[in-house]
Each structure stands twice: as structure tokens, then as C-alpha cells.
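Please keep the picture open while you read.

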Amino acid sequence: MSAMTDTGHADAHHGPAKGLMRWVLTTNHKDIGSMYLWFSFFMFLAGGFMAMVIRAELFEPGMQIVEPEFYNQMLTMHGLIMVFGAVMPAFTGLANWMIPMMVGAPDMALPRMNNWSFWILPFAFALMMSTLFMEGGGPNFGWTAYAPLSTDYGPKSTTFFIFAIHMMGISSIMGAINIIATILNLRAPGMTLMKMPLFVWTWLITAYLLIAVMPVLAGAVTMMLMDIHFGTSFFNAGGGGDPVLYQHVFWFFGHPEVYIMILPAFGIVSAIIPAFARKPLFGYTSMVYATASIAFLSFIVWAHHMFTVGIPVTGELFFMYATMLIAVPTGVKVFNWITTMFRGAMTFETPMLFSLAFVVLFTLGGFSGLMLAIAPADFQYHDTYFVVAHFHYVLVSGAVFAIIAGVYYWLPKWTGHMYDETLAKTHFWLSFIGMNLTFFPMHFLGLAGMPRRIPDYALQFTDFNMIASAGGFLFGTTQLLFLFVVIKCVICGKKAAAKPWEGADGLEWSVPSPAPYHTFSTPPDVK
């Protein structure tokens with residue numbers, strides 16, 4: 001019995017260890033998944049508040065609300081919190097909840113490490129956000145922390161920022177090891193790799209990406225630490241180093257990282273679209289290979305972030321063509337989603353609406369990415385709001401919309417209750433309108449030459465910035481409605497049906513494993 005209590009499983013059911021300690025000590029994958037999701041949502045609100053500060057300052061030209069220094073700190077923290085605190089933990093939470101159930105495992109393979117990998121995060125982010133209250137303020141050099149801005153000119157709190165990044169990296173690596181161990185070792189008998197749901201596949205590949213690139217980020221920030229405190233010159237040209245080296249090391253982490261933030265989204269959408277089209281997913285095998293191809297290519301395109309640093313033309317050509325090549329497997333995925341919907345018995349509940357918005361808007365973000373991949377054109381777009389528009393289309397209407405779709409889709413399974421469909425659809429439409437109002441005008445601002453990361457701008461950019469700020473406030477406040485919908489569902493939602501998404505024809509393709517031989521478009525040939 002003592003051994004059982006030790007694992008934390010018993011804490012869910014026995015005696016006074018309930019309450020807070022149940023959550024501190026739990027090794028249950030569902031508890032830990034829920035904690036990841038709640039943590040990521042509160043980080044999403046914190047990062048969103050910082051975005052509101054940025055958009056309020058940019059509502060009209062001139063400096064009116066915050067000082068430029070504080071603006072830069074908000075900008076940096078917004079990026080760091082959204083990437084490492086909101087999107088990645090949310091996907092990890094969904095993985096914790098769903099992967100053991102999808103592969104037929106009793107729990108994650110390494111439950112205690114699972115608990116630890118979560119509990120590192122609140123402390124890491126408390127440390128990072130505490131830098132805002134230190135002498136000289138928080139990090140002010142953008143989330144990419146380019147040297148020498150971060151090493152020679154950064155605030156004293158940069159050291160604490162580096163430590164916080166190390167803690168987040170440790171958490172990510174442990175989570176990834178756990179996911180790989182679970183998928184490879186705990187699948188139910190008969191479930192081969194090519195029978196796994198695509199969400200499991202995308203996470204398996206994502207976990208390998210995490211293990212490959214998080215140590216690279218750790219190396220980059222460790223070299224920063226050495227340059228700041230120990231007299232080395234990794235990034236200091238005066239001592240024989242090279243500031244461009246930092247960019248190479250950072251983006252070798254940073255580009256696979258952006259795929260870490262989108263591949264699990266592909267898996268979620270590949271679960272939802274077949275369920276609401278009531279057809280098996282089209283092209284399962286090609287989806288698996290496309291995901292693996294994207295992961296491989298993500299390692300050989302990092303310098304497309306660096307076209308303007310003066311790399312040789314040969315290098316520019318290589319990175320340009322390699323980047324364009326990623327459009328091929330991504331196009332395969334979009335084609336397969338559309339073909340899955342073709343002639344399906346589609347219904348448009350909230351998870352499907354978010355998934356459809358994902359397909360359309362993520363594709364739009366992909367097109368602007370292709371524009372940025374063209375090296376000579378990138379010289380014009382680089383460091384303008386066009387880039388901001390591009391990556392927010394793939395991260396907000398990509399990763400964030402997919403996470404929200406997944407939450408709505410699986411909420412009945414998690415809670416046994418059905419959310420309020422009317423409120424949820426209201427949340428969708430306000431989010432959809434707010435998101436596009438915020439980021440679409442940024443394409444025009446960028447093409448007209450407005451630089452990013454600057455707290456003031458010329459008069460001719462005013463109108464589009466006002467529209468973008470209004471859209472940003474609409475999108476941000478709408479997420480409070482999302483919080484209300486989820487809490488209402490948990491506390492007093494109607495009892496969910498055993499198969500909440502079942503269609504009138506009695507078919508529910510909730511797990512997009514390879515299609516059965518028959519598609520039901522014609523009567524089966526019964527011998």
C-alpha cells in the first residue's frame with residue numbers, strides 16, 4: 001500500500017492527501033494533462049496582456065502609454081511566454097491526456113518524470129517574469145535574444161532569463177522522452193505504428209525534434225552566459241568571435257521549434273476533420289510521411305531567417321530552395337484534409353469550425369512564408385510587419401486555433417459534460433474576426449515598410465495600426481469567453497452522450513487510423 005501511495009495514484013482516492021497535495025504529487029496522466037492545459041491557458045492570458053500593451057501603444061503614432069524600454073520588455077516577454085509558456089505546454093497537455101488513451105496504455109511510461117517535467121514550468125516562468133521587477137528590468141532584446149544586444153547591452157536580469165530558459169528546456173526534454181517511451185513501449189497488442197492515430201504520430205515526430213533541438217538552445221544561452229560573466233568571446237567580434245554565430249546556433253534550434261509548435265496541430269486537425277466529415281481520413285500513409293518529411297527539412301532551412309546577414313549567394317540559393325521544398329509535404333496535408341471533407345456528410349460544430357479556419361488561415365500563412373523564402377524579396381520584407389503577419393497567421397490561426405479545436409473536441413470525453421454550443425460558436429466567430437482584423441493589415445504595413453519591434457511609426461501607418469489594435473483587443477477579450485465556456489462545461493454542462501459527435505448515420509470516425517477497406521459510398525459486397 002505504501003508503494004502505491006508513493007506513486008501518487010492513490011492520492012486521488014485516499015484520505016486527507018486530497019486537496020493541494022493530490023495535484024502536487026499526482027502521477028496520473030490525466031491530472032498532469034489538465035495541469036499543463038490550465039497552466040498554458042493562464043500563460044496565454046499573461047502573454048496576451050503583454051500583447052495588449054503593445055497594441056495599445058501602437059494604436060496611434062507617438063509615445064503615449066509606455067516608455068520605449070518597457071515596450072521592448074513587453075515585446076520580448078510576449079514572445080517567450082507565448083512560445084514556451086502557452087503553445088508548447090498546451091500541446092504537451094493534450095499529449096498527456098490523449099496519447100495513453102489513443103495507444104491503449106494505462107498511463108505514461110514514466111509517470112514520476114511526467115510530474116516533475118510539469119512542476120518545473122511554473123517555477124521557470126515565475127523566475128522569468130520576476131526579471132521585470134529586477135534592476136534594469138526584464139529582457140529587452142526580443143525573444144530571439146540576438147547577441148550582442150543580449151550579451152553586451154542586455155539588462156542585469158539576463159542571467160536569470162538564461163536560467164529560466166534552461167529550466168524550460170529540461171522540462172521539454174523530459175516530456176519528449178516520456179512521450180517517445182510511451183508510444184514505442186506501451187501500445188496495445190496489435191497496434192502497429194501505421195495503425196496509430198495521426199495525433200500520436202505527429203507527437204512522436206515532434207518529441208524527436210524536441211530532443212534534437214532543445215540542447216542547441218541550451219548551448220546558445222550557455223555561450224551567452226559565458227560571454228557575459230566569464231570573459232569568453234563567442235559572439236564578440238572584438239575578441240575574435242562572431243555575432244552571426246549566435247544567429248546560426250539560435251535558428252538551428254529556432255526553425256525546428258516552429259514545427260514543434262505546428263506538427264501536433266496537424267495531428268489534432270487530422271482527428272477532427274474525419275469525425276465531422278464522417279469519412280475516414282484520406283491518405284493516412286502520405287500524412288505520416290509528409291510529417292516526417294517536414295521534420296527532416298526543418299533542420300536544413302535555418303538560415304532563411306538570416307538572408308540579410310551577408311551569407312554567400314550559394315548559401316542563399318540552397319536555403320531558398322530547401323525552404324520552398326517544405327511547401328510540398330505541407331501541401332500534401334492540406335490536399336488530404338480537403339479531400340477528406342469532399343462529399344462527406346459534414347456538420348459544423350465548434351471543433352470543425354476552428355479546424356476549417358485552421359486549414360484556410362494556416363495555408364494563407366504558408367503562402368506568405370513562401371514569399372519570405374524568396375531571398376531577394378526577403379531583403380525587402382525582412383524585419384517588417386510582413387514577417388509579424390506571417391508568423392502570427394501560422395501560430396495564432398495555426399497552433400492556437402488547433403489547440404482550441406482540440407479542447408472543444410475532447411471536452412465531452414474529459415469532463416463527461418457537453419459545452420454550450422451557442423457560446424462556443426460565438427467564441428469562434430469573435431476569435432476569427434478579431435484574429436484577421438489584427439494580423440491581416442500587418443501584411444500591408446510590412447510591404448509599405450513599417451519596421452517591427454519599434455514603439456513608434458510614421459503617420460501614414462496610422463489607419464492600419466488602429467484596425468490591428470482594435471482587432472487585437474477583440475481577440476484578446478474573446479478568450480475570456482473561452483474560459484467561461486470551459487468552466488461552465490466543467491461545472492454545470494449537460495451530460496454528454498457516449499459518442500458526442502456521432503452523426504445521423506451512426507458512423508463516427510473519431511480515430512483517424514487507416515481507413516477500413518470499405519468507404520460506405522456504395523453497399524458492401526456481402527458474400
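## About the model

This is a predicted model, in which local features need pLDDT of at least 70 and side-chain atom pairs count only at pLDDT 80 or more, while totals for chains, interfaces and linings use all residues. Residues are numbered from 1 along each chain as its sequence is written, and side-chain values use heavy atoms, with hydrogens and water left out.

## The second largest pocket

Rolling a probe the size of a water molecule over the atoms shows where empty space is left. Here a pocket is an open set of points on a 1 Å grid over the protein atoms alone, where a 1.4 Å probe fits and protein lies on both sides within 12 Å along at least five of seven lines; lining residues have an atom within 4 Å of a point. The second largest pocket holds about 490 Å³ of space, a volume filled by probe spheres set on the points, which are joined across faces, edges and corners.

Its lining has 24 residues, and Leu37, Trp38, Val407, Trp414 and Val486 lie nearest the centre. Helices H3 (29-57), H4 (68-103), H15 (385-415) and H17 each give at least two lining residues, with the largest share, 8 residues, coming from H3. A helix is a DSSP run (H or I, at least four residues), numbered from the N terminus. By type, the lining has 19 nonpolar, 3 polar and 2 charged residues. Nonpolar covers Ala, Val, Leu, Ile, Met, Phe, Trp, Tyr, Cys and Pro; charged covers Asp, Glu, Lys and Arg; the others, Gly among them, are polar.

How many disulfides does the structure hold? There are 0 disulfides, a disulfide being a pair of cysteine sulfur atoms within 2.5 Å. The sulfur of Cys489 has its closest cysteine sulfur in Cys492, 8.8 Å away, which is too far for a bond.

Cys489 is buried at 1% relative accessibility, whereas Cys492 is exposed at 52%. Buried means under 20% relative accessible area, exposed over 50%, and partly exposed in between (1.4 Å probe, protein chains only).

Leu474 sits in helix H17 (residues 462-492) and is partly exposed, at 26% relative accessible area. Leaving aside neighbours within four places in sequence, Leu474 is in contact with Leu430, Ile433 and Gly434; contact means heavy atoms within 4.5 Å.

Arg278 belongs to the loop between helix H9 (263-277) and helix H10 (284-297). Arg278 is buried, with a relative accessible area of 8%, and its side chain reaches the backbone oxygen of Phe276 at 3.3 Å.

Definitions and conventions
A polar contact is a pair of N or O atoms within 3.5 Å; within protein, one must be able to donate a hydrogen and the other to accept it, and residues adjacent in sequence count only if both atoms are side-chain atoms.
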